[in-house]
Each structure stands twice: as C-alpha cells, then as structure tokens.
Amino acid sequence: MLPAVDREALEQPAAPRRMVVVVNPFASSVDQRLRRLVVAALAGRFDVEAVDTDAPGHATGLAGAAARGGADVVVTLGGDGTVNEAANGLVGTGVPLFPLPGGSQNVYAKLLGIPADLIDACEHLLRLADHWQPRQVDAGRVNGRIFTFSAGVGLDADVVARVDANPTRKARWRELAYVQAAVAVFLRRYLVHPPRLVLEAPGNAPIEGVTALVQNAPRYTFAGKRPIEICRGEQLDSGTIAAAVMRRTGPLDLPTMGARLWFERLDVSGHRHAEVLSGLDGLTVRRVDGAPVVVQVDGDALPPAPVAEFDVLPGALTVL
C-alpha cells in the first residue's frame, strides 16, 4: 500500500532561494536609488540581502562569506572589477555568480548573455528563478589571482594602471579615460625603446615582444557593443587559455593592429608582428631586463610582480 500523500505539503510554496547582492556604490552606473530599486525587484522571487563594498578587494571577502553562509547565488551590482573580486571569493565553492551590469563595460555580463540594460537584466534573473540551471566555466589565474575573461602584461596593463590611478576621471570619462591614457602611455613608454617581455609556454619556443594578452573567453573585451577578438576560438569552458604577443608597437604597427581588432574579417594572427598561441594550460611572462611586471586582470591593475605566472582552473567557477 502506498503511503498517504500530504496534500498540504505539496501545496506549500518552496522557500525562496537566498541571494546576496554585492554592491559597489562607487561604480559608474550605481547610486542608492538604483540599489533600492534592484533589491526591491529581486525580492519578489528571492530572499535578498544587499551588502556594500567599501574598499578595493572587499567584494572578495563578501562573496566568500556569502558562500560560507549558505547563499544560493551571489549577484554583483558594479563593474567588471567587482565581478572579478566576487569571482575570487566564489571560485571552487559551487555557489553561482550572476553579474548585473553596473559598470561602464560589463564585459563578463555580455559574455554570459545577460542583457546590457539593468532592468532587462533583473527581469532575466527573475525568470531564472523558475529555470535554475547553473553551469561550470573556467577561471583564468595569474599569480594566484583569478580572472574571468582576460588579463595582460605590457601596454594594456600600463594603460589600465594609469586609469586606475585616477578613479574620479575613470568614473566620469569612462572609455575616453582609456583613450587618453593609451595615448599618453604609448608616447612616453612605447614609442621608442619600449620595455621588452618574453613569453614562455610549454611546447612552444620563447616569444619576445612588448605586450602579452591572455584570454579566457571568446572575446578579449568590448568597445561599446562591438566585441574585440584577439585569440579567436577560445571559450569559457574550453579548459584552456590563449595568448597573443605583439612583438613591437611602432607608429605604423598600432593602426594596422587596430584595424584587425575592429574589423571582424581580419584576424590578429595575420599581423606580421603578432603571434597567437591557443590551447594552453599555462604560460609565463617576464621582463627581459628582470624588472617587475604590471599585470591587469579583467580591467584592474595588480601590484608589480617579478614575473606573471598564468594557468587555468577548468570548471572552477559556477555562473548563471
């Protein structure tokens, strides 16, 4: 005889999933009014707790604490720097990450197929409450720091470091801040006798150049809505990373490289002063002169280090 069915228990709605929203109140598109609206909207389907960051690196601790405290999902409201910090707190925990678009570029949100408009992104997340299907993606890593989509050493890292040194200008000027910084860094450090790097990857001969770009995703970044592709064919769940080396950055090299980044029919690997390596599980980048290297991860600069050691953690990050 079958056991009796508890109809009252069947009719009882399931408890809402517990959500922790990590908010960067200093992000370019975030203010207290927007924070309240987002939390109120998500509270319709989730048990929501919102916590604010108050210093660089704080999101890592908040996300890790949320995972240890039993959160079912961690949502970030900020830019890619906030997403990166939260990912560093969640890697290996199995707790999914969902980045709401609250910064100037929101690259990782775009890569995950999340709508660029914040209201649409919230509605998308609310719909996921009924179609809960977290998935595993890879995490890139350099010197112990996780990156979600890209990292670099050389020209782009020096540009990011210059922009990060003036957060007020970064928040106000957004993309123009990077353009201004790129021009200044190029003219001062890369026009004549730029710092030389050497990239070493297992199974490949060492490559010398002035910039090394490492990719953990199908796109290196975005210029507005336009994807910037450097190492084509890389995927978030490929189990590998890819790298591109620019051997020199002369006045004639940057325009031709820029064309290959801008037009989809052109490929970076076809540039005579560039080399692309794919299917890597690790690589090392150092300065030829032994000086420390500056590394950027997901658009944030790290302190200088003697060498940049890259690898990949397959399936280590859970996302929605």
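**Figure 1. Asn84 within helix H4 of the predicted model**. Asn84 is a residue of helix H4. Its relative accessibility is 1%, and Asn84 therefore counts as buried, the cut-off for that class being under 20%. When neighbours within four places in sequence are set aside, the contacts of Asn84 comprise Arg145, Ile146, Phe147 and Thr148, together with Val297 and Asp298.

**Figure 2. The buried residues of helix H3 and their cover**. Helix H3 spans residues 58–68, and its buried residues are Ala59, Leu62, Ala63, Gly64, Ala66 and Ala67. An α-helix has 3.6 residues a turn, so residues three or four places apart point the same way.

**Figure 3. Gly70, following helix H3**. After H3 comes Gly70. The phi angle of Gly70 is positive, with a value near 95°.

**Figure 4. The crossing of helices H2 and H6**. Helix H2 covers residues 32–42 and helix H6 residues 118–128; their axes come within 10 Å and cross at roughly 25°. Because this angle falls under 35 degrees, H2 is roughly parallel to H6. The crossing of H2 past H6 is right-handed.

**Figure 5. Residues at the contact of H2 with H6**. From H2, Leu34, Val38, Ala41 and Leu42 meet Leu118, Cys122, Leu125 and Leu126 of H6. Classified by residue type, this contact has eight nonpolar residues, with no polar and no charged ones.

Note on methods:
Residues numbered from 1 in each chain as written. Predicted model: local features only at pLDDT ≥ 70, side-chain atom pairs only at ≥ 80, totals over all residues. Heavy atoms only, no water. Buried < 20%, exposed > 50% of the residue type's maximum accessible area, 1.4 Å probe, protein only. Helix = DSSP H or I, 4+ residues; strand = E, 2+ residues; numbered from the N terminus. Contact = heavy atoms within 4.5 Å. Axes fitted to C-alpha atoms, helices over the stretch in contact; angles between N-to-C directions. Parallel < 35°, antiparallel > 145°, perpendicular 65-115°, else oblique. Left-handed = near helix turned anticlockwise from the far one by under 90°. Nonpolar A, V, L, I, M, F, W, Y, C, P; charged D, E, K, R; others polar.
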